[in-house]
Amino acid sequence: MPLQQEIETQLGHIRNWGGVSFKKNILTTFHQVLDDDETLVDLLEGFYSGDHIAASGSGAPGILCITDRRVLFLLNGGTATATDTLTFDEITAISVRRTDQSAKITLHRGAGQSVLTSTKRGGQADSFLESVRAGIGDDLVHVEDLRSDSREEPGRKSPEKLTNLNFLHKEAQRIIRAINEYKQFNNEPAFLQQLIDDLFLVSYRCVGSSKTVSEETRLFVLMVLMYLRQRLVSDRDVIVDIFRYDALPLHQRRSILEYWDLFHNEIKKMKGVPNTRSLKSLSYLKSYDKREDSSHFDKLAAVFFSFAQVAIKADGTVSEAESRQLKSIRKLIYGEQADGSTAADGEAAAKQAVTVSEEQAESLEEVMEKINNLIGMKKVKGQIETFVNLIKVHKERERRGLPVTPFSKHAVFYGPPGTGKTTIARYLGKVYKSLGLLEQGHMVETDRAGLVAGYVGQTAIQVDEVVQQALDGVLFIDEAYTLSPRSAGSDFGQEAIDTLLKRMEDYRDRLVVIVAGYPDEMQDFISSNPGLESRFSRYFYFDHYAPQELLQIFNIFAENSSFTLTQGAKRELLRLITHFYRRRDKGFGNGRFVRNLFERIVEKQANRISSVTPLTDKILCSITKHDIPRMEEFDH
């Protein structure tokens, strides 16, 4: 027999135990009748009558209990034996008659029947019935609901719904078992965590930030994620209970759903993850399979997509938008040819997509106009124009069959922060596309953290993943010199450089790499490696913005937020900007400095007008000289 402390612990998780009479006597009975490895699931107090008990009127008072293997009836008195016991196999059907005043539960067996009549309110009977369904089976339970509000009863589930919930439960178990097989994969301690992070990313692709996620989807996603990230679950016994049976323990449904907001917040954090075209754990497995001639990618990819399918289809309906979601997720998991088409089909589709894209793409003239409308950067604009002319002449010589000299599309952007390097890199990709040098011309931005991993073998995989995202476009590496720090030692940055140089050669016609950073550091970085020097021969220098140019940038921020500056404010602002410009060092933020200054001025304006009444549109949108910070207000 189990220890009484163990029984009390089990009862502490059963909501209906709180309203039971004669608890002390019932505890003694449990201690006598339960087997050592038997677990209490739920109970309901009422009046019981049956073939094995002599009772008058409504029956004998006591509790009907369900464990993980049988049904017991215990009297409220001091009898230390179970008055009636039924194994699950003995029960042929359960019929329930629900009214506003009571629930009459009839247990049918081969040689008779037993009845419990309960007048308990507050959903206790409903909770117990859910546990009965989970333990015995939905098909054996038949409910006649005569309550006035039965149509609106939130806890009531149709047989079809219950069957679906049990399917979701089984799918959750299957997915968890498959993921658990990768706990110690290839002795990589971080792999399982990356796998779980990827599953959260897939979850975000399924439910996003929506506030109207179906209950079935929430249950399924929670069953999987709660098990995989148990540190977020305050009551670990809920997790144990979820997978104790072969069917969903319906009495725990509400307990599971209570964790939705917490886990949904974790899922929504995946919104901040860069728009990746693959999952890191699957990219790792794909490379591993090539080396070891194994098939782990196919196995785990199927698990991810199965998870997505069940999550989206959990409520039994699939809208057109959800169908598009699934296609997008399949592409994320399996790659560009995720629809299973042949290589020829994929090539034809790609050509068609390029044709459509070209029709919608900006012309060279439109892109150059946008570049020329940018504030400042006179030298950079001239260099881009020269480069465009060089390419035009190069292509014309090719067309006429004249000899041509090769040129490098890769570039080094060097200069202080906040001077428009990222913006120009994005436009340069569009220039390349409009000239026919790149098919897509998109830009993928990364840095050392996005390329260098923390353990052997992963850096090359990480670089490959980023390169795959950037193919047919521009890979922009900010602060690239950090890949080869002067005191690197056995740093993995060199592995990232070597892999990148190899991929630049492999995809010489499909990849443009732009590296950026401070002038001195970038000079040292390029000259430190002959491979870098040979591939990067085009340099763009980004100088600090002049004070008048910084003022123009400020005016753009103001106009975008519907603010206007008085003449006095403009004079004070230019004086302030000029002061900091003259004191600048190589870390002077330029555009970033202006943005921070703008936010500070808006705060000062808000403090100034907070007590003004009435607040007119003119007052709300005006920045005066009183809103411009004084020199002494800045930290020195």
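What share of the contacts in the chain with a separation of 6 or more comes from residues 24 or more positions apart?

1. Contacts along the chain. The model under review is predicted. Residues 24 or more positions apart supply 71% of the contacts counted at a separation of 6 or more.

2. Secondary structure and burial. The chain contains 25 helices and 15 strands. Of its 636 residues, 49% are buried.

3. The largest nonpolar core. This core has 66 residues, and the members that touch the most others are F220, V224 and M226. When residues up to four places away in sequence are left out, M226 touches V233, V238, I239, I242, I256, Y259 and F263. Apart from this core lies another one, of 54 residues, which includes I375, F387, F557 and I601. As general background, nonpolar side chains in soluble globular proteins tend to be buried together.

4. Cysteines. The number of disulfides in the structure is zero. A disulfide is, in general, a covalent bond between the sulfur atoms of two cysteines. Are C65 and C621 buried or partly exposed? C65 is buried because its relative accessible area, 0%, falls under the 20% cut-off. C621 has a relative accessible area of 28%, which lies between the 20% and 50% cut-offs, and is therefore partly exposed.

Key:
Residues are numbered from 1 along each chain as its sequence is written. This is a predicted model: local features need pLDDT of at least 70, side-chain atom pairs count only at pLDDT 80 or more; totals for chains, interfaces and linings use all residues. Side-chain values use heavy atoms; hydrogens and water are left out. A disulfide is a pair of cysteine sulfur atoms within 2.5 Å. Buried means under 20% relative accessible area, exposed over 50%, partly exposed in between (1.4 Å probe, protein chains only). Helices (H or I, at least four residues) and strands (E, at least two) are DSSP runs, numbered from the N terminus. Contact means heavy atoms within 4.5 Å. A nonpolar core is a set of buried Ala, Val, Leu, Ile, Met, Phe, Trp, Tyr and Cys residues joined through side-chain atoms within 4.5 Å.
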